[in-house]
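Please read the following report alongside the sequence and the coordinates.

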Amino acid sequence: MALVVVAVGGWFVYRTLAGADCSGEVPLNVAAAPEIAPAVEAAAQAWVEDGAAVDGRCVAVTVSGTDPVDVAAAVAGLHGISLAGVGRASGTAVMPDVWVPDSSTWLLRLSAAAPGFAPTNNASVAHSPVVVAMPEPVATSFGWPDEQLTWTDLLQQITTGTQLRTGIVDPTRDSAGLSLLLAIGGAASAAGDGAQQAMTGALRALATGRSALRQDLVARFPRSADPAAVASALSAAALSEEDVIAYNAARPPISLAALYPQPASMSLDYPYAVLPGTDPARAAAAEALFSVLDTAAFKDRLGARGLRGPDGSWGQGFEAPRGARAGLPEPPSAAPQPTASSDAGGSAAPGGTPAGGPDPAAVDRALSTWTAVTLPARMLAVIDVSGSMLQRVPTAGGATRMQVTLLAAQRGLGLFDDTWAVGLWTFSTELAGGRDYREEQPVGPLSSQRSRLLASLNAITPKPTGDTGLYDTVLAAYESMQEGWEPGRVNSVVMLTDGRNDDADGISQEKLLADLQALVDPRRPIQVVIIGIGDGVSRDELESITKVTGGGVFVTEDPAKIGDIFLQAIALRPAAPG
């Protein structure tokens with residue numbers, strides 16, 4: 001995906017050394033989110049002019065306003081990982097010494113995928129609640145400013161109402177969008193058995209109004225007070241409080257109201273992260289600069305920019321929207337979710353965000369679900385039906401491996417909208433004559449074959465005497481998907497298995513890898529995603545395949561966790577080529 005760099009007030013401050021009490025120079029590069037960069041710049045400039053020094057050496061500071069997604073892409077590239085929706089860094093991307101993104105979730109996502117990424121400090125230097133922004137006439141119809149909106153109210157409006165035209169910035173690239181996703185997920189979870197249906201409906205509705213860039217989303221709010229213009233324009237979107245203040249400061253024809261739904265959603269907390277690998281002198285300068293940002297004077301600079309201090313209070317010049325309250329809200333809670341690792345960079349998430357915040361597994365699950373619902377794809381699901389799939393799973397109430405796998409597949413199918421094209425194979429050994437695999441349903445649009453796919457899934461039963469014909473099946477599935485490759489979609493094979501290849505009459509591992517290498521076409525990529533279930537799989541064997549084809553390996557020794565891993569596996573997809 002194309003990266004967009006938003007640069008505001010990039011500058012280099014230096015002090016003439018003659019007459020100064022310091023000598024030499026310690027350069028310090030700071031990349032800050034665009035909305036906070038001017039305040040950081042002004043504070044750093046004043047500090048330098050006042051004689052900034054570390055251990056007798058002068059400090060020179062460069063502050064650049066950079067979209068957090070661009071720094072995240074650069075960090076991910078450095079550590080050889082990928083983050084859903086982030087894409088690759090531009091060729092001119094430069095790693096800063098200090099990074100001040102808008103949210104700690106960026107640090108969480110990176111540290112979860114790359115254990116070697118361990119920034120220090122990570123304390124918040126500013127705060128901005130995430131609000132639901134509505135044109136004031138629309139907000140008034142919801143009882144604003146007298147009545148309190150809840151996320152449950154909003155979820156109902158998004159999924160069943162006709163009054164709101166909602167929008168969201170892609171939550172894989174935008175922290176306010178991610179906050180909305182987590183809040184909506186929390187509201188949907190209260191729906192009990194209907195939770196997945198409610199969440200899926202909300203995500204599909206939001207996806208129809210999504211934007212890649214925040215400025216594009218904001219531009220869709222009404223630019224005229226004409227009732228027809230208001231009715232046809234964007235009527236609700238997740239933005240930061242600072243976004244609303246900045247929008248209204250331009251005196252638009254219709255101002256935005258900031259609604260603060262309950263329970264409070266995840267706020268933007270602007271962590272001050274000293275990146276790993278920063279040399280000691282620069283790290284010392286970074287800590288000295290942090291102390292400058294931890295002052296009442298800096299809070300006033302933030303206030304003039306529509307931002308609060310890290311404690312949620314605001315300084316001089318802050319123009320609070322109606323309904324705003326000083327102080328930090330109670331942090332959102334999220335039930336822990338299982339996580340998985342992949343050869344594409346995934347690993348078990350740490351126990352919390354670097355600077356506090358939601359459960360990392362909840363963030364991973366929310367983004368995985370969003371990707372599964374919103375990214376169009378052409379997928380062949382290949383399910384192991386060997387005899388070992390009859391083993392019971394104690395953690396799943398005694399259900400068999402086959403039963404928990406099919407349940408995960410059925411739920412996953414419910415997430416995909418009719419733009420998807422999906423097919424289904426099963427495999428074991430000698431399943432269809434001399435072949436190890438059998439086509440249950442060809443790859444086709446869900447709009448016409450969803451019911452047939454569900455019926456086929458419900459009819460799958462393991463072959464009690466069957467072994468695991470892994471290699472022949474992988475090769476045949478890859479060839480099949482390559483023959484029908486479609487541009488504009490993510491073309492992938494998703495295989496679920498609980499064993500190693502044990503087909504004595506099939507091809508060898510060496511021949512499989514050689515044949516796959518000959519088939520791989522970078523212009524027509526096919527991702528192979530393999531989900532290993534139980535303790536009978538070999539990660540090395542599975543990774544040898546995906547290292548050739550691209551894709552990822554997810555392994556869980558507890559088959560009861562297959563549902564969550566299935567979501568993560570589906571989310572492991574790049575933007576569609578072509």
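## Confidence of the model

The chain has an average pLDDT of 86, and 89% of the residues score at least 70, where pLDDT is the predictor's confidence in each residue, on a scale from 0 to 100. This is a predicted model, in which local features need pLDDT of at least 70 and side-chain atom pairs count only at pLDDT 80 or more, whereas totals for chains, interfaces and linings use all residues. Residues are numbered from 1 along each chain as its sequence is written, and side-chain values use heavy atoms, with hydrogens and water left out.

Confidence in the chain is lowest in S1, with a mean of 35, and highest in strand S5 (residues 98–100), with a mean of 98. Over residues 1–19 the pLDDT stays under 50, and the model has 54 contacts for this stretch beyond four places in sequence, a contact being heavy atoms within 4.5 Å. The pLDDT is also below 50 over residues 332–356, a stretch with 74 contacts in the model beyond near neighbours in sequence.

## Overall make-up

Of its 578 residues, 55% count as buried, a class defined as under 20% relative accessible area, with exposed meaning over 50% and partly exposed lying in between (1.4 Å probe, protein chains only). Among contacts between residues at least 6 apart in sequence, 78% join residues at least 24 apart.

## The disulfide

How many disulfides does the rule give? Taking a disulfide as a pair of cysteine sulfur atoms within 2.5 Å, the count comes to one disulfide.

The torsion about the S-S bond of cysteine 22 and cysteine 58 is about 100 degrees, so the disulfide is right-handed. Cysteine 22 lies in the loop between strand S1 (11–13) and strand S2 (23–32), while cysteine 58 belongs to strand S4 (residues 57–65), so the pair ties together parts that are 36 residues apart in sequence. Cysteine 22 counts as buried because its relative accessibility is 9%, and cysteine 58 counts as buried because its relative accessibility is 4%.

## Helix packing

Helix H16 (residues 470–483) and helix H18 (residues 539–549) pack at an angle of about 20 degrees with their axes 12 Å apart, where axes are lines fitted to C-alpha atoms, for helices over the stretch in contact, and angles run from 0 to 180 degrees between N-to-C directions. H16 and H18 are therefore roughly parallel to each other; angles under 35 degrees count as roughly parallel, over 145 as roughly antiparallel, 65 to 115 as roughly perpendicular and the rest as oblique. The crossing of H16 and H18 is right-handed, meaning that the near helix is turned clockwise from the far one by less than a right angle, with anticlockwise giving a left-handed crossing. On the H16 side the contact is made by Leu470, Tyr471, Val474 and Tyr478, and on the H18 side by Glu541, Leu542, Ile545 and Thr549.

Helix H14 (residues 401–415) and helix H15 (residues 446–459) pack at about 170 degrees with axes 10 Å apart, and are therefore roughly antiparallel to each other, with a left-handed crossing. The residues in contact include Leu406 and Leu413 of H14 and Leu453 and Leu457 of H15. The axes of helix H1 (residues 37–49) and helix H11 (residues 280–293) come within 10 Å and cross at roughly 110 degrees, so H1 and H11 are roughly perpendicular to each other. Ala43, Ala44 and Trp47 in H1 meet Ala285, Ala288, Leu289, Val292 and Leu293 in H11, and the crossing of H1 and H11 is right-handed.

## Two single residues

Asparagine 248, found in helix H10 (residues 241–249), counts as partly exposed because its relative accessibility is 23%. Leaving out residues up to four places away in sequence, asparagine 248 touches Ser255 and Leu256. Its C-alpha lies 9.5 Å from that of proline 321, although asparagine 248 and proline 321 are 73 residues apart in sequence.

Alanine 74 is in helix H2 (residues 68–78) and counts as buried because its relative accessibility is 14%. Alanine 74 and valine 86 are 12 residues apart along the chain, and their C-alpha atoms are separated by 9.8 Å.

Notes. Helix = DSSP H or I, 4+ residues; strand = E, 2+ residues; numbered from the N terminus.
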